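Visitor: I would like to learn how to read a protein structure, one feature at a time. Could we begin with what lies on the surface?

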Amino acid sequence: MFRISALAASFVALSAVPLSAPLAQTAQASAEARPAQIPEAAFAKRSPFTRVTVSPDGRLIASRARAGGKEFVALIDASTQKLVQRYSVGEGNEITRIRWAGPKQLLVSIRGTAERAGNSYSATRLAYVHVETGAMEMLGDFGGRDGDNVIFIAEDGSYALVSVQRLRTQYPSVVRYDFGSEVRTSIAQRPIEGVWDWYADNEGVVRLGLGLRSRNLRVHYRSGPDDKFRLVEKIKDRDIEDNYLDVTYIRAGSDQAYVLTKGDSERIGLYTFDLATREVIDLVYENPDADIDSVQMRDGKPMGAFWTNDQSNVHWFDEGLAQTYDALSNALPEELVWIQSRSEEDERLVIWAGGPADPGAYYVYTPAEGRLSLLTEQRPEIDETQLARPKAIGYTARDGTKIRAILTLPKGREAKDLPLIILPHGGPYEVHDTLDYSDEVQLLANRGYAVLQPNFRGSGGYGEAFVELGYGQIGQAMQDDLDDAMDWAVAEGIADKDRVCLVGSSYGGYAALWGVIRNPERYRCAASFAGVTDWELVLEHDDQFFRNWANERREAKIFGEGDFDFDAVSPYRLAHTLTRPILIAQGKDDERVPYSQFTKFRSALKKSSITPVELVFEDEGHSFKEPESEQQWYEALTAFLAQHNPAD
């Protein structure tokens, strides 16, 4: 369905950047008929509004907005859904999070590029917005590496605590920002050697510090504001994973906290925990089939525990909230409903509603009026009735490992001898594909391809043992799982074994390139966006490539306990053997996989028989900021596949 909101019209008026109107017509295809071909531009075009959050008093909604190649903080009247103000965060900067500090103030996390001694690096800082005066002030400067890690906001918005790291080699301190007619700054906690992560209790007292030092995880703790920090535990490197602890809430005036940690079942659950004695007090909730990812807290109590397997799930502790979800699900036509943000007294709620085959929309719900109104549609030019519905499947890898995957079949075509796209996810560790809407998947399905997204070993969501199966298996057993996914689809009669291509981004881009080099007899072609081509070089560039896996022991486990041969699984090193057509694309501003990965691989290809299709984005990074760039990628991808693996 197409939805039109007052917000779209008001944003046009203030920004002078037109938003595309919905398509005038759509093909009225039956469930059996092939859908109309949806333009690539429709999958790239999206609402300019994301990261939507409502103020504590329910009067205003803040959102990240993008228009004319720039990012803004947008303030929206929650009653009328009209834009009332916007704030620019500067050229080249990205808004990563927006938080309310009371009903009249905003804290905006901004990521940009800083320079020191001739070297550029990514850095973060906070912007402070006073919505009544319209004033916006930058807190700190981009000379620091990490200046937006908010660990506490006073309920009345009078101050906030922020963990700030100025230099890469310095440990962070906790800065207190007092808000008023002018922002005042003071140090709430000075650095302690080895502490990288600070935690405060619900009254704003810094109580806990964690960090790796000398291959040990050191835990520094104090029971109250008048106590000194003491080292309460040193966890040896080999025992860190077994002592996993994620502190979600510390109760003031006591040593008790809510934490996510492992229980006897080896699953991560929600527990009450004594921080002073480092002992579990009681189990609050554990799911027998999946680790708990996060917990929603309110007024010192858990409201819901979230986990993910094939899709996102929640266990509600609060009966009233569960009833609200039931009512919203009954009122909205969409399959999935999530409350994105809610005011302090639930005067207003921001709702996202969508589904695996529906990009969704944001709504504003006002319970007192019984009013549910559209805020913004996520993909305004897509008729979701024309989209394909993904489903979760399972198959067995060659060594007996059970693998889950997401399969999307093209609508209006018999599920027999279809052209197949294997689409591995990025990461690669602790990441997995779920039954969520994907522009790229839907684009490919709309063009007539079956799309299979294997959650190969090493993926998250299926327990630690499954992640560990991926250690030391990059380009090896992890790649076998992709080949075995193809074999499953062929054996089921879904896919034509002679019409299979690999497509992916980041690690998925690597897997696509590696697949056609390692097993050219299987795959007709490959397309890679920002794919790794040389492992040794990319790890020298960024020791955080594997997200939270950067310490030496974990890196060793990722590459195996023995000597890992980087060259043996790097496309760059074996580019001269390539015999299949490839599409390679890269953003020049990519900080995760540097542009040199692209240029070195392209040069190495001169020794092969293949001339790649190339696509370079001057002002894009590891993902797309501009819809025009994303559209260009989609157009290049569909043209490439139509030539080398046509659907018809």
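Guide: Glu155, Asp156, Asp299, Glu344, Glu345 and Glu347 gather in a patch of negative charge on the surface. Please keep in mind that this is a predicted model, in which local features need pLDDT of at least 70 and side-chain atom pairs count only at pLDDT 80 or more, while totals for chains, interfaces and linings use all residues. Residues are numbered from 1 along each chain as its sequence is written, and side-chain values use heavy atoms, with hydrogens and water left out.

Visitor: Which residues may belong to a patch, and which count as negative?

Guide: A patch is made of residues with over 30% relative accessible area and no salt bridge, where like charges are joined within 9 Å. Asp and Glu count as negative, whereas Lys and Arg count as positive, and His and the chain ends are not counted. The place of a charge is taken as CG of Asp or CD of Glu, and as NZ of Lys or CZ of Arg.

Visitor: Where is Glu344 found, and is Glu344 buried, partly exposed or exposed?

Guide: Helices (H or I, at least four residues) and strands (E, at least two) are DSSP runs numbered from the N terminus, and Glu344 is in the loop between β24 (336–342) and β25 (349–355). Buried means under 20% relative accessible area, exposed means over 50%, and partly exposed lies in between, with a 1.4 Å probe and protein chains only. Glu344 counts as partly exposed because its relative accessibility is 38%.

Visitor: How many helices and strands does the protein chain have, and what share of its residues is buried?

Guide: There are eleven helices and 35 strands in the protein chain, and buried residues make up 55% of its 648 residues.

Visitor: What is a salt bridge, and how many are there by this rule?

Guide: A salt bridge is a side-chain nitrogen of Lys or Arg within 4 Å of a carboxyl oxygen of Asp or Glu, and by this rule the count comes to 38. One of them joins the side chains of Asp484 and Arg398, at 2.9 Å from N to O. That pair links distant parts of the chain, since Asp484 is in helix α6 (residues 477–491) and Arg398 is in the loop between β28 (390–396) and β29 (402–408), 86 residues apart. Asp484 is buried because its relative accessible area is 8%, whereas Arg398, at 52%, counts as exposed. Both belong to a network of salt bridges that links Arg398, Asp480, Asp483, Asp484, Asp487, Arg518 and Arg522.

Visitor: Which residue meets Glu71 in a salt bridge, and are the two buried or exposed?

Guide: The side chain of Glu71 meets that of Arg64, at 3.8 Å from N to O. Glu71 counts as buried because its relative accessibility is 5%, and Arg64 is buried too, with a relative accessible area of 16%.

Visitor: How should I read a contact, and which residues does Arg99 touch beyond its sequence neighbours?

Guide: Contact means heavy atoms within 4.5 Å. Arg99 is found in strand β5 (residues 94–100), and is buried, with a relative accessible area of 12%. Leaving aside neighbours within four places in sequence, Arg99 is in contact with Gln105, Leu106, Leu107, Ser109, Leu126, Asp148, Val150 and Ile153. The C-alpha atoms of Arg99 and Ser109 are separated by 8.4 Å, and these two residues are ten apart along the chain.

How values were computed:
Patches are made of residues with over 30% relative accessible area and no salt bridge: like charges are joined within 9 Å, nonpolar side chains (Val, Leu, Ile, Met, Phe, Trp, Tyr) within 5 Å. Accessible areas come from the Shrake-Rupley method with a 1.4 Å probe; for residues, only the protein chains shown count as cover.
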